[in-house]
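Colleague: I'm new to this one. Can you walk me through it?
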Amino acid sequence: MKALTRPGALALALMTIIGGCTVSSESSDPPAEEMYQISTLSALAAGGYDGLIDMDELLDQGDFGLGTFDHLDGEMIVYDGVVYRVPANGVPEEVDGDVTTPFAAVTPWDPEREHEFSDPLSCSDLEAAIDGLLDSVDEPYALKVEGRFTSLTTRSEERQEPPYIPLADVLENQIVFDLGEVDAILVGFRLPDYMANSNAAGFHFHALADDNASGGHVLDCQTAGEISVEIDEIDSWQVDLHSDD
Ligand SMILES: [Zn+2]
């Protein structure tokens with residue numbers, strides 16, 4: 001992994017890059033404000049779809065986050081310590097602990113702030129409004145958005161088989177779901193530009209409907225009115241390259 005440049009004012013207290021399985025054998029709790037990720041988005045984008053760690057190991061690092069699965073088999077939502085998969089049929093399912101992931105990011109959910117928006121907002125307006133709540137867009141945050149949507153558009157993709165093709169080529173045939181009017185949570189992150197390629201810069205949300213009947217990677221949304229946003233600041237970032245396997 002290439003070295004990352006960080007703005008001088010950045011509040012990331014620690015960035016740890018580790019290799020191998022050392023993390024999963026630890027039983028101690030992860031730091032509350034740490035985001036852990038397995039592999040990098042650039043490795044996934046290049047077709048690195050083989051699972052590296054399992055859900056039990058991932059949940060040791062945090063109970064909230066998102067990612068994908070071995071063979072790029074669906075969109076991952078980690079919420080309240082439960083891992084959900086939204087596969088190509090669009091119907092969420094709970095995932096067993098021995099299922100593996102090639103790329104995921106989690107943090108212990110420990111929000112510092114909550115804000116209620118009352119006006120209907122498009123996804124882009126909501127994101128701009130969230131930016132207005134943040135101390136700095138040069139710092140990473142985990143975010144939970146909860147409420148009613150008049151429209152919510154998501155995607156998933158077909159499970160891939162080797163030889164893998166790049167993610168951009170897979171997503172040319174992404175499967176788009178129109179969830180319609182739905183009560184849902186959005187689980188995600190708002191990451192600064194300097195974390196691009198290692199992870200996704202800007203906003204990245206995965207949705208799970210309250211009835212667990214639909215979800216996926218969020219492409220667009222429109223909130224109905226009352227919507228809550230909870231903000232969990234992240235001050236350290238652990239990138240597990242799993243490089244000794
Ligand atoms: Zn996604």
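Modeller: One term to begin with: buried means under 20% relative accessible area, exposed means over 50%, and partly exposed is in between. Keep in mind that this is a predicted model.

Colleague: Then let me try the term out. Is arginine 148 buried, exposed or partly exposed?
Modeller: Arginine 148 has 33% relative accessibility, so it counts as partly exposed.

Colleague: Which residue does arginine 148 form a salt bridge with?
Modeller: Aspartate 183. The closest N and O atoms of the two are 2.9 Å apart. Arginine 148 is in strand E11 and aspartate 183 in strand E13, residues 182-191, so the pair ties together parts 35 residues apart in sequence.

Colleague: And aspartate 183, buried or exposed, or in between?
Modeller: Partly exposed, because its relative accessibility is 31%.

Colleague: How many salt bridges does the count come to?
Modeller: Twelve. One of them joins lysine 144 and glutamate 230, with 3.3 Å between the closest N and O atoms. Lysine 144 lies in strand E11 and glutamate 230 in strand E15, so parts 86 residues apart in sequence are tied together.

Colleague: Are lysine 144 and glutamate 230 buried or exposed?
Modeller: Both are buried.

Colleague: Which residues are linked in a network of salt bridges?
Modeller: Asp73, Arg85, Glu93, Arg159 and Glu161. Take the bridge between arginine 159 and aspartate 73, where the closest N and O atoms are 3.7 Å apart. Arginine 159 sits in the loop between strand E11 and helix H4, and aspartate 73 in the loop between strands E4 and E5, so this pair ties together parts 86 residues apart in sequence.

Colleague: What about accessibility for arginine 159 and aspartate 73?
Modeller: Arginine 159 is at 41%, so it is partly exposed. Aspartate 73 is at 16%, so it is buried.

Colleague: New topic. What are the protein donors of the zinc ion?
Modeller: His204 and His206, each through NE2, and His217 through ND1. They lie 2.0 to 2.1 Å from the zinc ion. The spacing of the donor residues in sequence is H-x1-H-x10-H.

Colleague: Where are histidine 204 and histidine 217 in the chain?
Modeller: Histidine 204 is in strand E14, residues 202-209. Histidine 217 is in strand E15, residues 215-233. They are 13 residues apart, and both are buried.

Colleague: Now disulfides. How many does a search of the whole structure find?
Modeller: One. Cysteine 123 and cysteine 221 form it, with their sulfur atoms 2.2 Å apart. Cysteine 123 is in helix H3, residues 123-133, and cysteine 221 is in strand E15, 98 residues apart.

Colleague: Is that link of cysteine 123 and cysteine 221 right-handed or left-handed?
Modeller: Right-handed, with 110° about the S-S bond.

Colleague: And why do the two cysteines count as buried?
Modeller: Cysteine 123 counts as buried because its relative accessibility is 7%. For cysteine 221 the value is 3%, so it is buried too.

Colleague: Last one. Which buried residue has no salt bridge?
Modeller: Glutamate 33 is one. Arginine 113, the nearest side chain of opposite charge, is 11 Å away. Glutamate 33 is in the loop between strand E1 and strand E2.

Colleague: What is glutamate 33 in contact with, then?
Modeller: Leaving aside neighbours within four places in sequence, the contacts of glutamate 33 include Thr107, Asp110, Glu112 and Asp232. Glu233, Ile234, Asp235 and Ser236 are also among them.

Notes: Residues are numbered from 1 along each chain as its sequence is written. This is a predicted model: local features need pLDDT of at least 70, side-chain atom pairs count only at pLDDT 80 or more; totals for chains, interfaces and linings use all residues. Side-chain values use heavy atoms; hydrogens and water are left out. Donors are N, O and S atoms within 2.8 Å of the metal (3.2 Å for Na, K and Ca); water is not among the atoms, so sites may look incomplete. Helices (H or I, at least four residues) and strands (E, at least two) are DSSP runs, numbered from the N terminus. Buried means under 20% relative accessible area, exposed over 50%, partly exposed in between (1.4 Å probe, protein chains only). A disulfide is a pair of cysteine sulfur atoms within 2.5 Å. A salt bridge is a side-chain nitrogen of Lys or Arg within 4 Å of a carboxyl oxygen of Asp or Glu. Lys and Arg count as positive and Asp and Glu as negative; His and the chain ends are not counted. Contact means heavy atoms within 4.5 Å.
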